[in-house]
Every structure is written in C-alpha cells, then in structure tokens.
Amino acid sequence: MTGDAYRFHERSGGCQCGAIRFHSKQLRDNAHVCHCRMCQKAAGNLFAALVGVRHEHLTWTRGTPAEFMSSDLAARGYCRDCGTPLYYRSVGGEHVSISIGAFDDPASIPLQFQLGMEGKHPSLDHLPEIEQVGTTEQAMPDEVAAIFKSNHQHPDRDTQRWPE
Ligand SMILES: [Zn+2]
Ligand SMILES: [Zn+2]
C-alpha cells in the first residue's frame with residue numbers, strides 16, 4: 001500500500017446476515033485498533049478495529065443499525081438481527097468509526113495506530129509466535145464443505161436483493 005490513495009476508494013460493507021449494508025465514499029486517515037475495555041466489550045473481542053467515515057461520505061444502503069449508548073458520549077452501532085458490531089460513534093462527532101472487519105475488503109485498509117493500550121491483551125504481543133494451525137480448510141477439513149453449503153453470511157459485495 002503506497003501513500004493513502006486507498007482512502008479515496010468507494011467501499012461497501014455490512015453485517016454478517018446482510019440486514020445492514022453501508023457505502024462509504026472515502027475513509028479518514030485514522031484506521032486504528034482500540035484495546036480499551038469498552039471497545040473490547042462492544043466488539044465482544046480483544047480489540048475494536050475502526051476507521052472513520054465522515055457522515056457526508058456514509059450511506060446506510062440497507063437497514064438501520066441499532067445503537068447502544070456505552071456512555072453519554074458514545075454510541076455503539078450493531079445489527080439487531082445478527083449482532084455484528086458495526087461502529088463506534090461519538091455524540092456530535094464529525095464521523096462514524098466503522099468496524100474495519102465489516103467492510104467487504106478489510107485487507108485493503110491498513111492500520112495506522114493503536115490506542116487504549118491499558119487494555120491490550122497480553123497475548124497480542126506474542127501473536128507471531130503463537131502456533132498457526134493453518135487456513136480454515138486446513139484447520140476444519142471435515143466441516144468446510146458443509147459450512148459452505150449452508151452459509152447464511154452475506155457475500156462480500158453489494159446485492160440487489162437479500163437473501164438472494
Ligand atoms: Zn445482521
Ligand atoms: Zn476503545
């Protein structure tokens with residue numbers, strides 16, 4: 001990835017079930033990981049990976065996310081049908097911090113910084129040394145075919161209708 005040209009690509013994304021879809025005209029240059037305890041709980045995971053999209057660059061193209069006010073200062077958006085955490089939003093802020101993993105092509109969004117270091121899970125310092133069992137196909141060879149056949153996850157592209 002050279003420079004920040006990636007920020008100006010139009011992108012889509014959404015929740016796992018496809019009830020919520022969004023489109024962003026461009027990203028802010030603040031892709032990051034937050035390790036803080038509130039982001040851990042909101043993501044149900046070790047950290048939240050987020051990138052800002054200015055309100056005027058963001059369109060909810062299908063459905064409307066539900067929100068939980070994690071404090072008087074911030075809302076956490078999620079899909080009420082499948083539970084995918086979709087964003088962090090500061091009340092009155094100029095952008096919505098969208099979950100990078102919710103984009104259709106998260107690998108195209110490079111991380112630029114991390115914060116909330118007080119909550120960082122100790123194992124993350126050793127991630128490269130932790131045993132790598134392999135790809136999903138290698139790790140779950142017996143289940144992969146059945147999962148693929150009964151997959152209810154929305155595909156990583158916009159759809160006219162869903163379920164198709
Ligand atoms: Zn959903
Ligand atoms: Zn946080």
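Predicted model: local features only at pLDDT ≥ 70, side-chain atom pairs only at ≥ 80, totals over all residues.
**Strands, hairpins and a nonpolar core**

Strands β7 and β8 (residues 85–90) run antiparallel to each other and are linked by 5 bridges, where two strands are said to pair if DSSP finds at least two bridges between them. In this pair, G77 sits opposite Y87 of β8. The hairpin of β7 and β8 has 6 residues between the strands, and G83 there takes a positive phi near 85 degrees.

Residues are numbered from 1 along each chain as its sequence is written, with chains lettered from A and ligands numbered from 1 in the order in which they are written.

Stepping back to the whole protein chain, there are 3 helices and 10 strands; these are DSSP runs, numbered from the N terminus, with helices being H or I of at least four residues and strands E of at least two. Reading from the N terminus, the order is β-β-β-α-β-β-β-β-β-β-β-α-α. The radius of gyration of the chain is 17 Å, close to the 15 Å from the globule rule for 164 residues, so the chain is as compact as a globular protein of that length. For that comparison, the radius is taken over C-alpha atoms, and the rule is 2.2 Å times the number of residues to the power 0.38. The C-alpha trace spans about 50 × 45 × 35 Å along its principal axes.

Another group of strands makes an open sheet: 3 strands in the order β1-β2-β5, with antiparallel pairing. At its edges are β1 (11–14) and β5 (58–62), each of which pairs on one side only. β1 and β2 share 4 bridges, with F22 of β2 as the bridge partner of G13. Their hairpin has 6 residues between the strands, and in it G18 takes a positive phi near 90 degrees. β2 (residues 21–24) is also joined to β5 over 4 bridges, and S24 has L58 in β5 as its bridge partner.

What about the inside? In soluble globular proteins, nonpolar side chains tend to be buried together. The largest nonpolar core here has 26 residues, and F47, A48, L50, V51, L86, I98 and I100 touch the most other members. Such a core is a set of buried Ala, Val, Leu, Ile, Met, Phe, Trp, Tyr and Cys residues joined through C-beta atoms within 7 Å. At least two of its residues come from each of β3 (32–34), α1 (37–43), β4 (48–54), β8 and β9 (95–99), and β4 gives the largest share, 5 residues.

V51 shows what these surroundings look like: leaving aside neighbours within four places in sequence, V51 is in contact with L27, R28, N30, A31, S97, I98, I100 and I109. Contact means that the C-beta atoms of two residues, placed from the backbone, lie within 7 Å.

Note on methods:
Buried ≥ 20, exposed ≤ 12 C-beta atoms within 10 Å, placed from the backbone.
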